[in-house]
Amino acid sequence: MLELKNICAGYGKRQILKDVSIFFDKSELVTVIGPNGSGKSTMLKAAMGIIPLISGEVCIDGENTNNFSRQQTAQKIAYLSQGKNVPDMTVSQLCLHGRFPHLSYPRRYTEKDKSIVSSALKQLGISALANRPLSSLSGGMRQNAYIALSLAQDTDYILLDEPTSYLDISHQLELMKTVKTLAKQGKGVVAVLHDLPLAFAFSDRIAVMKDGEIIATGPPKEIYRQPLIREVFGVELDYLEQEKSYRYKYKL
Amino acid sequence: MNSSSKSCLANKRIKILYTVGFLLLVVSALLGITLGTTSLSISEIVESFKNGFSTAGGKIFLYVRLPRTAASLICGSALAVSGAVIQGVIANRLASPSIIGVNSGAGLAVTLCTALGIYGGLRLSLFAFLGAFTAVMAVSLLARRIGASRGTLILLGVAVNSFLNALSDSVVTFIPEVGVMSNDFKVGEFSSVTYSRLLPATVLISLSIIILFTLTNELDVLTLGEDNARSLGMNTSLMRTLFLMLAAVLAGCAVSLAGLLSFVGLIVPHAVRRVAGSKASRLLPLSAIFGGAFVCLCDTGARTLFSPYEIPVGIIMAFLGAPFFVFILIKGKGGHTLA
C-alpha cells in the first residue's frame with residue numbers, strides 16, 4: 001500500500017498541500033479530481049519524492065520512503081509527468097529507460113531488459129511501433145509509449161499526471177481502458193484527471209481535492225451521491241443506468 | 001518495411017558512419033602530418049624514426065607537425081563532445097561552448113594566467129577548466145533562477161559571453177604584453193602548441209571523454225525532462241552539474257591549447273545528430289571522431305591554402321560555422337523547433 005500521511009508540500013515558500021492523507025492500494029484505479037491549482041499534480045510529485053515534503057511522510061508497504069534511495073523508490077513507483085518531452089528516440093529506446101532504476105553504474109541495458117521492454121510493448125499492443133521515432137507518433141500513441149516505459153519500470157504503483165490531456169475522446173477512452181486493465185493486473189494506478197465523466201466511469205475510487213486538501217474519497221457512486229461536485233466544480237453530473245452498462249454525463 | 005528491417009538498416013548506417021569517420025580521422029591525421037610549408041613524405045617520417053629525428057624533416061615532424069596534428073585532433077574531439085553534452089543537458093541544440101560563454105570563461109582564465117606568467121602545464125589547463133565551469137554554471141543557474149526559456153538561455157549565454165570577453169579585453173588593455181598572444185588566441189590557432197601544453201590537456205580530455213562514454217544512458221534519460229528523469233531515480237541536479245563540469249573540462253582544455261575555436265561544438269554534434277540520431281551512445285563517440293577530423297582538416301587547410309602564409313584555423317572554422325549556424329536557424333524556424 002502506498003500511503004501519504006499528513007503531508008504538507010509545495011514549491012519554495014509556497015505551500016500547496018495542506019495535511020493530505022490518503023492511501024492507494026494495489027489492483028485499484030484511483031483518480032484524483034479537482035479544480036486547477038487544487039494540488040493534484042503536487043500530490044503525485046510529493047508521493048514520488050520529486051518535490052520535498054514540508055512535513056508528513058510517504059510510506060510504501062508501511063516503510064517510510066525516506067529510508068529508500070531515489071533508485072529504490074523508482075523501483076516501486078513509476079510516475080509520468082503532465083508535460084512530456086518528445087525526445088529524439090524510438091519507442092523501444094524510450095521504454096528501455098524504464099529499466100534505468102534497476103541498473104547500477106555503468107548502466108548498460110541487458111538482453112533481459114530488452115525482453116522486459118518487448119513484453120511491455122506487447123502488453124500495450126504497440127510492438128509494431130518499437131522502432132518508430134517518438135516524434136512520428138500521434139499524441140495517443142506517444143502516451144501509450146510512455147505508459148509502456150512505466151510498465152518496463154516494473155513497479156507496484158503507477159502515478160499518471162493528466163494522462164488524457166491533448167488526446168481526442170477515442171484515445172482518451174482507449175487509454176483509460178489500458179489503465180484499468182493495468183489495475184486489474186495488480187498495479188496500483190493513480191491518475192489525475194480533469195474529465196469528470198471519464199473519472200467516474202473508470203475509477204474504483206475517486207479522491208476530490210480543493211485548495212490543497214483532500215475533501216472526499218470514495219467509490220464513484222458514493223462521491224456522486226454527495227453534493228460535492230457542484231460545490232467544487234460548479235457543474236452537475238447525471239448518472240444514467242442502462243441495461244448492461246452505466247455512464248456519467250454533465251447535466252447541461 | 002517492418003520495424004526489424006528498419007532497425008537493421010539503421011545499425012548498418014551507423015557502422016558505415018563509424019568506418020567513414022575512422023578513415024577520415026586517419027586521412028586527416030596523415031594530411032596534417034605531411035602537408036605544410038615544408039611537405040614531408042611518409043617514407044621521410046618513417047626514416048626519421050630510425051635516425052632519432054636528427055634530420056630537418058624529422059625535427060619538423062617531432063616538434064611541429066606531431067604536436068600540432070595531435071592537438072587539432074584532440075581539441076576537435078573535445079569541443080565536439082563538449083557541445084553535444086551541453087546541448088543535451090540544457091535541452092537546447094543551439095547551445096555550444098562558444099555560444100553560451102564556456103569558451104569565453106576559459107579564455108578569460110587563460111588570459112589571466114598569461115598575465116601572471118603561466119604559459120603551459122597542468123595549471124593552465126586547470127585554470128581554463130575553472131573559467132569554463134564558472135561560466136557554464138553561471139548561465140545554467142541564472143537560467144534556472146529566472147525560469148528562462150530555451151531561447152532566453154541563449155541570450156543569457158550571449159550576455160555572459162560579452163561580459164567575460166570584456167573582462168579579457170580589460171586585462172589585455174591594462175597589461176599590453178598579454179595582447180601579443182591574445183589576437184591569435186581570440187580566433188584560435190595551433191601554431192604555439194608545445195608538448196608541455198599538450199600533455200596535461202590530453203590527459204584531462206581523455207579522462208573526461210572516457211567518463212562521459214560511461215554516462216550515455218544518463219544523458220539520454222535527462223532528455224526525458226526533469227520530472228521524468230527524477231522519477232526514474234536520477235539525481236538530476238547532481239548529474240547536470242557533473243555533465244557540465246566534464247563539458248567544461250573538455251572546452252577549457254581545448255581553449256588552453258588552441259584559443260577560442262568557435263562553432264566546432266555546434267556544427268559537429270548537429271551534423272552527427274542528423275545522420276545518426278540523438279542517442280548519446282552514438283552521438284558522443286561519433287562527435288569525437290568527426291570533431292577531431294574536422295578541426296584537423298581545417299588546420300591543415302589554414303596552413304596550406306595560402307602557403308607560405310598561414311591563417312589562424314579559427315578563421316576557416318568561423319567561415320564554415322557561421323553559415324551553418326544560419327542554416328540551422330532557418331531550418332528550425334527561428335529556434336522554436338530546435339531544442
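Colleague: What does Lys5(A) stand opposite in S4(A)?
Modeller: In this predicted model, Lys5(A) stands opposite Glu57(A) in S4(A).

Colleague: How many bridges join S1(A) to S4(A), and which way do the strands run?
Modeller: Six bridges join them, and S1(A) and S4(A) run antiparallel.

Colleague: And how many bridges join S1(A) to S2(A)?
Modeller: Seven, with S1(A) and S2(A) antiparallel as well. One pair of bridge partners is Gly10(A) and Gln15(A), the latter in S2(A).

Colleague: What lies between S1(A) and S2(A)?
Modeller: Two residues, and the two strands form a hairpin. Gly12(A), in the turn, has a positive phi of about 60°.

Colleague: What about S4(A) and S5(A), how many bridges there?
Modeller: Two bridges join strand S4(A), residues 53-60, to S5(A), and the strands run antiparallel. Ile60(A) has Glu63(A) in S5(A) as its bridge partner.

Colleague: So what is the order of the strands in the sheet?
Modeller: The order is S2-S1-S4-S5 in chain A, four strands in an open sheet with antiparallel pairing.

Colleague: Which strands stand at the edges, and why is one side of each left without a neighbour?
Modeller: Strand S2 (14-24) and strand S5 (63-64) of chain A stand at the edges. Each has a single partner strand, so one side has no neighbour in the sheet.

Colleague: Which strands does H1(A) touch where it packs on the sheet?
Modeller: H1(A) touches S1 (2-11), S2 and S4 of chain A. The direction of H1(A) makes about 70° with that of S2(A).

Colleague: Changing topic: what area is buried between chain A and chain B?
Modeller: About 2500 Å², of which carbon and sulfur atoms give 50%. Of the area that chain A buries against chain B, Ile50(A), Arg70(A) and Phe100(A) supply 24%, more than any other three residues.

Colleague: How many residues does the contact take from each chain?
Modeller: Chain A gives 32 residues and chain B gives 30.

Colleague: How many salt bridges are found across the interface?
Modeller: Two. One of them joins Glu218(B) to Arg107(A), with the closest N and O atoms 2.8 Å apart.

Colleague: And how many residue pairs are in polar contact between the chains?
Modeller: Ten residue pairs, counting those where both residues are at pLDDT 80 or more.

Colleague: Which elements of chain A give two or more residues to the side that touches chain B?
Modeller: They are helix H1 (40-48), helix H2 (70-74), strand S6 (77-80), helix H3 (91-96) and helix H5 (139-152) of chain A.

Colleague: How do the residues on that side of chain A divide into nonpolar, polar and charged?
Modeller: The side of chain A that touches chain B has 17 nonpolar, eight polar and seven charged residues.

Key
Residues numbered from 1 in each chain as written. Chains lettered and ligands numbered in written order. Predicted model: local features only at pLDDT ≥ 70, side-chain atom pairs only at ≥ 80, totals over all residues. Heavy atoms only, no water. Contact = heavy atoms within 4.5 Å. Buried area = accessible area lost by both parts, 1.4 Å probe. Salt bridge = Lys/Arg side-chain N within 4 Å of Asp/Glu carboxyl O. Polar contact = N/O pair within 3.5 Å; in protein donor to acceptor, adjacent residues only side chain to side chain. Nonpolar A, V, L, I, M, F, W, Y, C, P; charged D, E, K, R; others polar. Pairing = 2+ DSSP bridges. Axes fitted to C-alpha atoms, helices over the stretch in contact; angles between N-to-C directions.
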